[in-house]
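Trainee: I'm new to this one and would like a close look at a single part. Could you pick one spot and walk me through what surrounds it?

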Amino acid sequence: PEICLVGQGWTIRGSARHRFRLPADAGGGELPATLLRIDREITGPGGETRTVPALLAYWFVGADRVVASHWERQYHTALDLSLIHI
């Protein structure tokens, strides 16, 4: 997500880990996520420029786990693939 956002003109101002609590009717528990504080300069129809702030949350879902970062996803994928061949 970070590479795509920057490629689309967004600037990442900060990053943090977060755990969203799931409601009981959704199975309860927590959902690990990465939160990004981002902004982007836009030009309006009159030529004025302003900054649009945003907050983006993302996570990766696998067959048996949910992880908050790309690196965790890569780690578990590599581990799963290496254990399959043992």
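Mentor: Let's look at Phe 60 and the residues around it. This is a predicted model, so local features need pLDDT of at least 70 and side-chain atom pairs count only at pLDDT 80 or more, while totals for chains, interfaces and linings use all residues. Residues are numbered from 1 along each chain as its sequence is written, and side-chain values use heavy atoms, with hydrogens and water left out.

Start with the core. Phe 60 belongs to the largest nonpolar core, together with Leu 5, Trp 10, Leu 36, Ile 38, Tyr 58 and Val 67. Such a core is a set of buried Ala, Val, Leu, Ile, Met, Phe, Trp, Tyr and Cys residues joined through side-chain atoms within 4.5 Å. Buried means under 20% relative accessible area, exposed means over 50%, and partly exposed is in between (1.4 Å probe, protein chains only).

Now the rings. The structure holds one aromatic pair, and it is Tyr 58 with Phe 60, edge-to-face at 5.8 Å centre to centre and 80° between the planes. Rings of Phe, Tyr and Trp (its six-membered ring) pair if their centres lie within 6.5 Å; planes under 30 degrees apart are stacked, over 60 edge-to-face, the rest tilted. On the face of Phe 60 you'll find Arg 73, 5.1 Å from the ring centre; the rule is NZ of Lys or CZ of Arg within 6 Å of the centre and within 35 degrees of the ring normal.

Leaving aside neighbours within four places in sequence, Phe 60 is in contact (heavy atoms within 4.5 Å) with residues including Arg 65 and Ser 69. Ser 69 counts as buried because its relative accessible area is 10%.

Arg 65 sits in the loop between strand E4 (60–61) and strand E5 (66–67); helices (H or I, at least four residues) and strands (E, at least two) are DSSP runs, numbered from the N terminus. Arg 65 counts as partly exposed because its relative accessibility is 28%. Asp 80 forms a salt bridge with Arg 65, with the closest N and O atoms 3.2 Å apart. That pair links distant parts of the chain, 15 residues apart, with Asp 80 in helix H2. A salt bridge needs a side-chain nitrogen of Lys or Arg within 4 Å of a carboxyl oxygen of Asp or Glu. Asp 64 is linked with Arg 65 and Asp 80 in a network of salt bridges.
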